[in-house]
Amino acid sequence: MPELPEVETVKRGLAPAMEGARVTRLELRRKDLRFPFPDALADRVSGRTIVSLGRRAKYLLVDLDDGNTLISHLGMSGSFRIEEGAGSATPGEFHHARSKDEKHDHVVFHLEASGGPRRVIYNDPRRFGFMDMVERADLAAHPFFRDLGPEPTGNELGAAYLAERFRDKAQPLKSALLDQKNIAGLGNIYVCEALWRSHLSPVRAAGTLVTAGGRAKEQLNLLVAAIRDVIADAIAAGGSSLRDHIQTDGSLGYFQHSFSVYDREGQACRTPGCGGTVARIVQAGRSTFYCATCQK
């Protein structure tokens, strides 16, 4: 499933084609994806102008000029492509190609923009993605968002905040970081990477990073810095291209080539002088990759 950096990459790729454009028609080629489309969605979006694109956690947000926001989640296999004129260009060297089978084109935005007409097409073979509509003023109270923690790149995320959330918690550190109520948008890949960067074991209790008095230990400061850095690096790299994720222009992200532990079971740890080997364990049904030698 695409993680936060991948969704941010999609947002940035779509913005030039969609922001400021008028939706002449929203075409829904089926009644549902993972969930049924909201009532009268096509009529509510058709004729509206797209003011801006945003992102919250792993959700893509399309703000319309009537105060409504279209919420889109990519699920496991969802992707957007942009078509202009009579052709479709998808440049890039493919490692794991996305579906281009038109039978999986489920939603089509017919747009009129300053550069001429274009189409933005949502393709989703597995149909685990979904779309919803909400008034922008009510977005924070929407069931998808009301319990989300702060963004991993925002100023709200700090060691003092996590100390309050983790205090006295016996929950494994990795599980605590994946809890969207603690931090919004962190997923399995980048949690593994952040824990490796901060030399923290995924199985240690989250509460061990907090003093008896409730203050953050230095290890927690290092973890916050690692989270920020790994997300920033992944966004800068264009998102990972694990499985079938590609950028909207067809080119792949390449952060996966820089993974230090994720999917590197049995390989040498990249911490200088460590000498350890990357291991894989299963936590809550998810693969965890870490080095038991340098992550304590």
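I started with the contacts of Lys 169 (contact: heavy atoms within 4.5 Å). Setting aside neighbours within four places in sequence, I found Lys 169 touching Ala 205, Ala 206 and Gly 207. Lys 169 sits in the loop between α3 (159-166) and α4 (173-178). Helices are DSSP runs of H or I of at least four residues, strands are E runs of at least two, and both are numbered from the N terminus.

I noted the ground rules next. This is a predicted model, where local features need pLDDT of at least 70 and side-chain atom pairs pLDDT 80 or more, while totals for chains, interfaces and linings use all residues. Residues are numbered from 1 along each chain as its sequence is written, and side-chain values use heavy atoms, without hydrogens and water.

The cut-offs are under 20% for buried and over 50% for exposed, with partly exposed in between (1.4 Å probe, protein chains only).

I then checked the record. The unreviewed UniProt entry lists His 104, Arg 126 and Lys 169 under "binding site". They span 66 residues of sequence and are spread in space too, up to 44.1 Å between C-alpha atoms. Such annotations may be inferred rather than shown by experiment.

His 104 lies in the loop between β5 (79-84) and β6 (105-113). His 104 is buried, because its relative accessible area is 18%.

Last, the whole chain. I have 6 helices and 10 strands. Buried residues form 53% of the 296. The C-alpha atoms fill a box of roughly 60 × 40 × 30 Å along the principal axes.
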